[in-house]
Amino acid sequence: MSQSKPLPPGFLAESLGRIQPSPTIAATQKARELKAAGRDIIGLAAGEPDHDTPDNIKEAAIAAIRRGETKYTNVEGIAELRAAIVKKFKRENNLDYTVAQTFVSPGGKAIIFNALLATLNPGDEVICVAPYWVSYPDIVLLGGGTPVIVEAKLEDGFRLTPAALEAAITPKTKWLIFNQPSNPTGACYTPAQLKALTDVLLKHPQVWILTDDMYEHLVYGGFKFSTVAEIEPRLYDRTLTMNGVSKAYSMTGWRIGYCAGPEALIKAMAKLQSQSASNAASVSQWAAVEALNGPQDFIPKFQKIFEARRDLVVSMLNQAKGIECPKPEGAFYVYPSVRGLIGKQTPAGKTIASDADFANELLESEGVAVVHGAAFGLSPFFRISYATSTEALEEACRRIQRFCGNLR
Ligand SMILES: Cc1ncc(COP(=O)(O)O)c(C=O)c1O
């Protein structure tokens with residue numbers, strides 16, 4: 001039987017037609033395939049730290065396997081991890097949550113998925129700040145909601161302004177998805193910048209806030225992270241504070257995300273997860289207990305490494321003709337503008353008409369894989385992940401400089 005036989009018409013869910021495959025995963029995969037085919041490729045598309053999971057975390061997982069912690073767990077997560085989450089939110093964010101307010105899913109993405117799918121009805125609007133993490137609007141669409149895209153402009157440091165937030169809120173707004181340090185721009189908010197936004201949100205009691213704090217620990221130059229419910233306790237009852245171990249502890253493959261928020265919302269999310277993933281992997285949950293409760297001393301070490309790489313990439317990209325690269329406070333991404341290159345031609349005579357053309361031609365001619373800005377809802381930009389070796393970054397930036405220098 002042919003493996004490529006098409007599915008019968010109407011077989012696929014209509015909801016699937018509303019969404020795109022993740023463009024960052026697609027770009028990473030394409031780079032991997034080209035590399036496997038023998039091309040000299042530097043991949044700067046993937047959103048994961050390049051260092052290994054710390055040994056103490058791996059050992060905790062191995063010990064859990066040996067103890068036989070290999071069975072189903074509670075839907076909401078093991079008691080030990082939920083207790084560690086309560087402690088983490090108190091220690092690092094000065095937030096008081098009970099164990100019943102915490103929840104664990106297979107990855108941060110699954111937390112967002114559960115929260116939105118458990119709450120959205122047709123007509124509900126969800127504010128997503130562009131450039132956004134690629135999955136937000138698509139998860140909203142899967143849930144039958146309507147994404148409302150608000151632009152965070154380059155000239156505002158890619159930060160949402162109170163006026164833009166106010167203008168986007170309607171009686172139908174159910175959620176604001178708020179992410180900082182931002183993927184893809186690395187932008188962060190000071191307490192005063194956050195307060196200006198929470199003042200707007202206080203006026204609109206129908207709006208709940210999903211704060212995606214995945215990159216909390218990846219901040220540089222002494223920047224101090226703060227989160228919404230910490231800055232404005234009056235929003236505590238309508239804020240879901242989301243986090244995970246993927247980025248800070250270099251545990252992307254372990255698939256653990258967690259959150260805390262109003263108990264009734266947590267119960268609804270648990271109902272949904274009880275009929276889908278059931279629980280996050282038991283062994284990974286034990287690894288996450290060690291990540292949250294164990295030594296945290298490698299975090300500043302990696303902050304230092306990432307900060308040096310950020311400085312290198314920003315400086316080298318700003319020396320590339322036609323590129324403007326702001327210097328963000330956090331995450332491991334930069335989001336440079338290619339406005340100065342639109343309309344130019346490659347030596348082969350191809351016109352760079354969009355950021356997608358820029359990313360494609362860069363990959364074709366110099367073997368550097370980046371993600372084009374349109375994937376994140378704001379053009380003409382591209383995203384570079386600098387979570388890779390300094391040598392690879394230097395070489396990639398040299399190639400980008402050469403590529404830009406050759407455009408006419
Ligand atoms: C902003 C943001 N939120 C959530 C996630 C999802 O994390 P996880 O890998 O734990 O599902 C990512 C991963 O890239 C991300 O960048």
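Predicted model: local features only at pLDDT ≥ 70, side-chain atom pairs only at ≥ 80, totals over all residues.
Q: Is Asp124 buried or exposed?
A: Asp124 forms a salt bridge with Lys174, in which the closest N and O atoms are 2.8 Å apart. Lys174 belongs to strand S5 and Asp124 to the loop between H5 and S3, so the pair ties together parts that are 50 residues apart in sequence. Lys174 is partly exposed, at 22%. The relative accessible area of Asp124 is 13%, under the 20% limit, so Asp124 is buried.

Q: Which helix holds Glu366?
A: Glu366 forms a salt bridge with Arg402, the closest N and O atoms being 2.6 Å apart. The two residues lie 36 residues apart and link distant parts of the chain, with Arg402 in helix H14 and Glu366 in helix H13.

Q: How many disulfides does a search of the whole structure find?
A: For Cys188, the closest cysteine sulfur is that of Cys325, 15 Å away, which is too far for a bond. Cys397 is also in no disulfide, the nearest cysteine sulfur being that of Cys325 at 8.5 Å. Across the whole structure, the number of disulfides found is zero.

Q: What is the area of the nonpolar surface patch that contains Phe11?
A: Phe11 lies in the segment before helix H1. Its relative accessibility is 56%, above the 50% cut-off, so Phe11 counts as exposed. Leu7, Leu12 and Leu16 are also part of the patch, and its area is about 430 Å².

Q: Which strands do the buried residues of H6 pack against?
A: Helix H6 spans residues 135-142, and six of its eight residues are buried. These are Ser135, Tyr136, Pro137, Asp138, Ile139 and Val140. Besides helix H5, they pack against strands S3, S4, S5 and S6.

Q: What is the relative accessible area of Phe376?
A: Phe376 is found in the loop between strand S11 and strand S12. Among the residues it touches are Thr24, Pro131, Tyr132, Asn183, Tyr335 and Arg383. Phe376 is buried, with a relative accessible area of 0%.

Q: Which residues does His204 touch, not counting those up to four places away in sequence?
A: His204 sits in the loop between helix H8 and S6. At 15% relative accessible area, His204 is buried. Its contacts are Glu166, Ile169 and Arg238.

Technical notes. Residues numbered from 1 in each chain as written. Heavy atoms only, no water. Disulfide = S-S within 2.5 Å. Patch = residues over 30% accessible without salt bridge, like charges linked within 9 Å, V, L, I, M, F, W, Y side chains within 5 Å. Areas by Shrake-Rupley, 256 points an atom, 1.4 Å probe, with all protein chains shown as cover. Salt bridge = Lys/Arg side-chain N within 4 Å of Asp/Glu carboxyl O. Helix = DSSP H or I, 4+ residues; strand = E, 2+ residues; numbered from the N terminus. Buried < 20%, exposed > 50% of the residue type's maximum accessible area, 1.4 Å probe, protein only. Contact = heavy atoms within 4.5 Å.
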